[in-house]
Amino acid sequence: MLFVAITTFAYEPMDNQQHLNAAAPNEHSEKEHVESTTFDAGKMILEHVADSHDWHMWGEGDHAVSIPLPIIIYSDKGFDVFSSSRFHHGHASFQSKYNYRLHEGNVVVFDDLTGNIDEEATAKLTDFSLTKNVASMLVTMLLMLWVFITVAKAYKNNQGKAPRGLQSFVEPLIIFVRDDVAKPSIGDKRYEKFMPFLLTVFFFIMFSNYLGLIPVFPGGVNLTGSISIAMVLAGFTLLITFVVANKHYWRHVFAMPGVPIPVLIILTPIEILGVFLRPFVLMIRLFANITAGHIIALAFFSLIFIFGEMNTGLGFGVSIFSLVFTVFMGFLELLVAFLQAYVFTLLSAIYFGSAIDEGHDVHNHVDDHAVEKH
Amino acid sequence: MELVKPSIGLIFWMAVSFSIILFLLKKFAWKPILGMIKEREQSIENALAAAENAKEEMKALQSNNERILVEARAERDQLLKDAREIREKMIADAKGLATKEGERLLTIARDNIQNEKMAAITELKNQVATLSIEIAEKILKSELSSDEKQKTLVNTLLKDVNLN
């Protein structure tokens, strides 16, 4: 329910923008052509941070080398599957069930004769493409499968002995999640059934964060900084909280014990909102932290080109500072990458813990509110 | 593609693949890994407890040994002391017995000697008496062989009487 609300909120300003763009498509493309001669830092950064239909490797504009990714469009006419290379970096339309074209990274229905976007038909499209983020997500997941199934085998072969190799790298993290995240937040007895989710979330966020810090293929994708990915992860947390939540939890939400009815009228809506707000905050925190990291790194590099355009010497001078700052930020991002994985896992564990809490302690709801401040 | 606009395609793929990877990792990775870690921790804990136990036992054994040693030493001392006492007692007893026996033998010897002496003296007395009588007989015979001699004797005897 919450996600539908976010989705509609998020759509609104974008729609307005599209209307504006659609109103003067010819003028816009001309303007774009002029702009491409000078360096636009904002556009470059957003292009790198956002999702796209091809995996950019190197080069700029029309000479860019990228891996085309499959486009899957569902519309009222059924599924359409084709390669994004058909768009020729957004310069060509592709005629299938509709006449598709790439506009600012989005697949739209395009009228070649008038040069206008067919808004009505575009609204019917749903984009299920295997985008850069989906590809990167699959890379991350395959890496996880490989790492952890290898490690699991190592445990079987190495039974009862000290960990070796990859195993000794992963084990402290697993034990960290178990002993410092799950056990204290959920409780020594019931933490076990949440471990698979917590470990998967922790390592998925950590792996994709670190892969995102590697600037070359198959890294460099702002995966966990994508709101959709963060939303799904937070959605899983919410879903599991709902599934495991006991009577005590719901009672605290709908009718806080020991609170008079007039106060409940105010408190209950807040509590209900809080239930959804928690995963929402999880989502925003992860998305904002990782995206910010990518934007800062790109912004420092953009400085080089902005100053370089003014004066070549100045560009070289600034590059030294940019490099130093980027390296510094890189180290910070290494920390943030781990920290965000930890925070997401810890808060998820705390929410699960509060959902299955039997509440023998009368003042237990006080603890719940203390948790909110994290 | 805008930054804060959730994309339905991405959400769909993420939800599907995350569910799959959650299932796969749970079955093939987390379960065995967590199981093995737990098992290993258990075995390490057991091993530590066993080592602690062994140490305790060793300590107990050691103190036991020491106790036994002390007891053995005490027993040895006791035995030595007893032996010494017995030896001394035996020597003392033997000495006592020997002395008594010696004394007894001495007494017997002395008695015998006394007896023999008495017998010898008696014998001697008898012999002397016999000899004296024989001598006196012979003297008397020779003295009283002539009248002359009888008269001289009487005279001498009378003289002695007068003198008294």
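Strand β7 (residues 106-111) of chain A pairs with β8(A) in the antiparallel sense, over two bridges. Pairing here follows DSSP, with at least two bridges needed between two strands. The strands (E, at least two residues) and helices (H or I, at least four residues) are DSSP runs numbered from the N terminus. Before we go further, please keep in mind that this is a predicted model, in which local features need pLDDT of at least 70, side-chain atom pairs count only at pLDDT 80 or more, and totals for chains, interfaces and linings use all residues. Residues are numbered from 1 along each chain as its sequence is written, while chains are lettered from A and ligands numbered from 1 in the order in which they are written.

**Two sheets in chain A**

Strand β3 (residues 70-75) of chain A is joined to β4(A) by six bridges in the antiparallel sense, and Ile71(A) stands opposite Phe82(A) of β4(A).

**Domains**

Chain A is divided into domain 1 (70-129) and domain 2 (133-358), with bounds that come from an automatic or database domain assignment. The centres of the two domains, taken over C-alpha atoms, are 34 Å apart.

**Helix packing**

Now to the helices. Axes are lines fitted to C-alpha atoms, for helices over the stretch in contact, and angles run from 0 to 180 degrees between N-to-C directions.

| Helix pair | Angle | Distance between axes |
|---|---|---|
| α7(A) and α11(A) | about 160° | 9 Å |
| α5(A) and α1(B) | about 10° | 8 Å |
| α5(A) and α6(A) | about 100° | 10 Å |

Angles under 35 degrees count as roughly parallel, over 145 as roughly antiparallel, 65 to 115 as roughly perpendicular and the rest as oblique. α5(A) is therefore roughly perpendicular to α6(A). Their contact, meaning C-beta atoms placed from the backbone that lie within 7 Å, involves residues including Val147(A) and Tyr155(A) of α5(A) and Leu166(A) of α6(A). By class, this contact has six nonpolar, two polar and no charged residues. For these classes, Ala, Val, Leu, Ile, Met, Phe, Trp, Tyr, Cys and Pro count as nonpolar, Asp, Glu, Lys and Arg as charged, and the others, Gly among them, as polar.

α7(A) and α11(A) are, by their angle, therefore roughly antiparallel. Among the residues making their contact are Phe202(A) and Tyr210(A) of α7(A), together with Phe338(A) and Phe344(A) of α11(A). The classes in this contact are 13 nonpolar, five polar and one charged.

**Where chain A meets chain B**

Across the interface, 48 residues of chain A are in contact with 32 residues of chain B. The largest share of the side of chain A that touches chain B comes from α5(A), with 13 residues. That side of chain A divides into 30 nonpolar, 14 polar and four charged residues.

α5(A) packs against helix α1 (residues 8-143) of chain B, and the two are therefore roughly parallel. The contact of α5(A) with α1(B) has 22 nonpolar, two polar and one charged residues.

Notes:
Contact = placed C-beta atoms within 7 Å.
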